[in-house]
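Please examine the sequence and the three-dimensional model shown below. The text after it is meant to be read alongside both.

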Amino acid sequence: MAERYANLIGGKWRQGARFHENRNPSDVTDLIGLYAQADEADVDEAIAAGRAAMPTWRATGLEQRQAILNKIGMELMERSAELGELLSREEGKPLAEGRGEVFRAGQFFTYYAAEVLRQLGENADSVRPGIEIDMRREPMGLVAVVSPWNFPTATASWKIAPALAYGNAVIWKPANETPASAFALADIIHRAGLPDGAFQLLMGPGAVVGNGLAGHRGVDAITFTGSYEVGCQVAVAAAANLTKFQLELGSKNALLIMDDADLDLAVAASIGGGYSGTGQKCTASSRLVVHEKVHDVFVQKLAAAVAALKVGHALADGTQVGPVVSERQLAANLAWVDRARSAGAEVAIGGERLQLAHDGFYMTPALLTGTTNAMDFNREEMFAPIAAVQTVSSYEEGLSVVNDTRFGLVAGIFSRSLARTTHFRRHVETGCVTINLPTAGTDYHVPFGGRKDSSFGSREQGRSAAEFYTQVKTAYIRAGEPE
């Protein structure tokens, strides 16, 4: 009988009435566990417990709060090999990527542990005589965190860590595709010494838990990473109560490869940006915009590199591309390949379901050529190990094609020209830009976020996180004259 895992409500582990089966996408015969599913009553109870815990956590001394966050981060880093294996087992990314993600999650907590002691206010003199002004940031209150399955530990950590660092209580609703990683992280946070109710875990369907949190008047702020469509639903529900919300949504990132690019470097970046994590990342470069002078050579080199990628079980030695997360995701990916053929694109390589020794959700990484920005797969996020090549005749046309999208998360350029790269950095319509680097890969101490339909609200990560997880209070003080 598979082990059952509970939700964390008010400092207690609660089993619930319903459970979700969690299976390994590399081998669906591997049942990882059964995970409790919260209902509407659980949501109400968690919100009440969170609100009751807020004053205690907010009043906790800075050094104690710092020590708790540091303890969480250190345990994540120390156990990154073990927990990374669990993450890869349930999500499907290669083992090295799973371990790296857990270690990075630990760094988020140790970074924000240090930020606990850097919460400095400002002061000013009033325009009125004898009055001084004090400006400081205070916690929002109760923060709901809704995180995705593709980076189940890292994305959750870069939300939970600053929320706790700035004195908020947190209710976390993780994705149902990756509950094992969620339970493991929640267990570490729970044992670190927070007051009961200051951090809670509510696993369950988005229609129940996510909607319940987004529309509840007891939630002061909600941060969401996921699809554009669901993000809009969160925004509508939150706005009805004037709840502060932050959204990280879809993307359609482009990499512009110019005629003076280092093509070997550009190919390596295209592989890393487009196919690592099985292409299941919001920073993936699924649009490759290539100057016509180097198009043929670039495509030849890239097709050979894609063909050489080893697809396999996430935990197997040498695997570079694991399975996609689910049968539904696999069907959607293969449908994109069929639509590309129907639209007139050429499938240069890959794009087929792959049968391996284990019964999993495998496909061969695909490279599409002869595509245009008018084709729907170059307009919509695929979340797949698929990249599409477009041809341009000049830098100006390339920049125009890169910007011709409703999304604006990341874009990159490969060129040896300082003039081109500088112009691109200033004029590309994205929140993040890479120069001679993959579009995937961000640092935890600087802002992250996009423009257009990719993001809404203040930036995540670094000191920018304070904009969302705190609110400003301005105090006017008349001290009077000393006696």
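This is a predicted model: local features need pLDDT of at least 70, side-chain atom pairs count only at pLDDT 80 or more; totals for chains, interfaces and linings use all residues.

Residues are numbered from 1 along each chain as its sequence is written, and side-chain values use heavy atoms, with hydrogens and water left out.

An unreviewed UniProt entry carries the annotation "domain: Aldehyde dehydrogenase" for residues 19-474; UniProt positions are given in the numbering used here, feature names are shortened, and annotations may be inferred rather than shown by experiment. Helices (H or I, at least four residues) and strands (E, at least two) are DSSP runs, numbered from the N terminus.

The largest nonpolar core comprises 50 residues, and Ile160 and Leu194 have the most contacts inside it. A nonpolar core is a set of buried Ala, Val, Leu, Ile, Met, Phe, Trp, Tyr and Cys residues joined through side-chain atoms within 4.5 Å; buried means under 20% relative accessible area, exposed over 50%, and partly exposed in between (1.4 Å probe, protein chains only). Helix H6 (residues 179-191) gives the most to this core, namely 8 residues. Ile160 is in contact (heavy atoms within 4.5 Å) with Phe109, Val145, Val170, Trp172, Leu185, Ile189 and Phe199, leaving aside neighbours within four places in sequence. A second, separate core of 25 residues includes Ala261, Tyr275, Val294 and Tyr362.

Val267 belongs to helix H9 (residues 263-274) and is buried, because its relative accessible area is 8%. Not counting residues up to four places away in sequence, Val267 touches Phe298, Lys301, Leu302 and Ala305. Between the C-alpha atoms of Val267 and His216, which are 51 residues apart along the chain, the separation is 48 Å.

Asn403 lies in helix H12 (residues 395-403) and counts as buried because its relative accessibility is 14%. With residues up to four places away in sequence not counted, Asn403 touches His427, Val428, Glu429 and Lys452.

On a 1 Å grid over the protein atoms alone, a cavity is a set of points where a 1.4 Å probe fits but cannot get out, and a pocket is an open set with protein on both sides within 12 Å along at least five of seven lines; lining residues have an atom within 4 Å of a point. Grid points are joined across faces, edges and corners, and a volume is the space filled by probe spheres set on the points.

The second largest pocket holds about 570 Å³ of space. Of its 21 lining residues, Gln119, Leu120, Gly121, Arg136 and Arg137 are the closest to its centre. Strand S7 supplies the largest share of the lining of this pocket, 5 residues. By class, the lining of the second largest pocket has 7 nonpolar, 4 polar and 10 charged residues (Ala, Val, Leu, Ile, Met, Phe, Trp, Tyr, Cys and Pro count as nonpolar, Asp, Glu, Lys and Arg as charged, and the others, Gly among them, as polar).

The structure holds 3 cavities of 30 Å³ or more. The largest cavity has a volume of about 90 Å³, and the closest to its centre among 13 lining residues are Ala284, Ser286, Glu381, Met382 and Phe383.
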